[in-house]
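Subject: Structure handover

Hello,

Here is the structure you are taking over.

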Amino acid sequence: MKKFDINTNLCISLQNTTVNLPKNVKQIVYLHQPLPFSEFKWNPFKKDQYRFFLYKHFYLFFIKLFISHDTEFIVQTKWIKDSLLDKLSINPSRINIFKPDIIIPQIQNNKKERNNSLIFIYPATPLFYKII
């Protein structure tokens with residue numbers, strides 16, 4: 001920031017990791033990657049699991065690398081908050097749970113209903129650990 005002559009007082013990281021900042025800049029980290037906190041055991045010798053093994057065992061380092069005394073975290077679930085408390089000993093008041101609100105619009109449709117079921121389309125990568 002100094003290099004580009006940018007004066008800032010807040011940095012929001014949306015990439016799960018802390019950022020190297022000057023001491024006077026507050027940081028908020030949106031933490032949505034659950035792999036470092038999961039109990040699942042990944043096999044580093046299986047091609048399709050190697051990357052997840054690295055996330056599980058090394059990503060926590062990048063989350064905590066630049067934590068300062070006033071870094072705050074935003075998570076979506078209580079279990080991730082509890083995991084942060086357990087693994088990083090962060091003050092609970094600095095971890096906020098923000099659950100997304102889902103509003104399902106009422107749609108008028110002249111077509112015959114198929115089976116009264118709701119279908120959610122969630123734009124995410126279909127990785128196999130998400131269905132475990």
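Below are my notes on the fold, the strand pairing and the surface.

This is a predicted model, in which local features need pLDDT of at least 70 and side-chain atom pairs count only at pLDDT 80 or more, while totals for chains, interfaces and linings use all residues. Residues are numbered from 1 along each chain as its sequence is written, and side-chain values use heavy atoms, with hydrogens and water left out.

**Fold.** The chain has 2 helices and 4 strands. Both kinds of element are DSSP runs numbered from the N terminus: helices are H or I with at least four residues, strands are E with at least two. Their order from the N terminus is β-β-α-β-α-β.

**Strand pairing.** β1 and β2 run parallel and share 4 bridges. Strands count as paired if DSSP finds at least two bridges between them. Ile12 has Ile28 in β2 as its bridge partner. β2 also pairs with β3 (residues 72–75), again in the parallel sense, over 3 bridges. Here Tyr30 stands opposite Ile74 of β3. Between these two strands the chain passes through α1, and the β-α-β crossover is right-handed. That term means that, with the strands pointing away from the viewer, the path from the first strand over the helix to the second runs clockwise.

The chain has 132 residues, and 27% of them count as buried. Buried is under 20% relative accessible area, exposed is over 50%, and partly exposed is in between (1.4 Å probe, protein chains only). Take the contacts (heavy atoms within 4.5 Å) between residues at least 6 apart in sequence: 44% of them join residues at least 24 apart.

**Surface.** The chain exposes about 10800 Å², with 57% supplied by carbon and sulfur atoms. Areas come from the Shrake-Rupley method with a 1.4 Å probe; for residues, only the protein chains shown count as cover. Tyr50, Leu54, Phe58, Phe61, Phe62, Leu65 and Phe66 make a nonpolar patch of about 640 Å². Patch residues have over 30% relative accessible area and no salt bridge (a Lys or Arg side-chain nitrogen within 4 Å of an Asp or Glu carboxyl oxygen); nonpolar side chains (Val, Leu, Ile, Met, Phe, Trp, Tyr) are joined within 5 Å, like charges within 9 Å. Tyr50 belongs to α1 (residues 50–64). Tyr50 is partly exposed, because its relative accessible area is 45%.

**A loop residue.** Asn24 sits in the loop between β1 (10–13) and β2 (26–30). Asn24 counts as exposed because its relative accessibility is 60%. Asn24 and Asp70 are 46 residues apart in sequence, with 9.8 Å between their C-alpha atoms.

Best wishes
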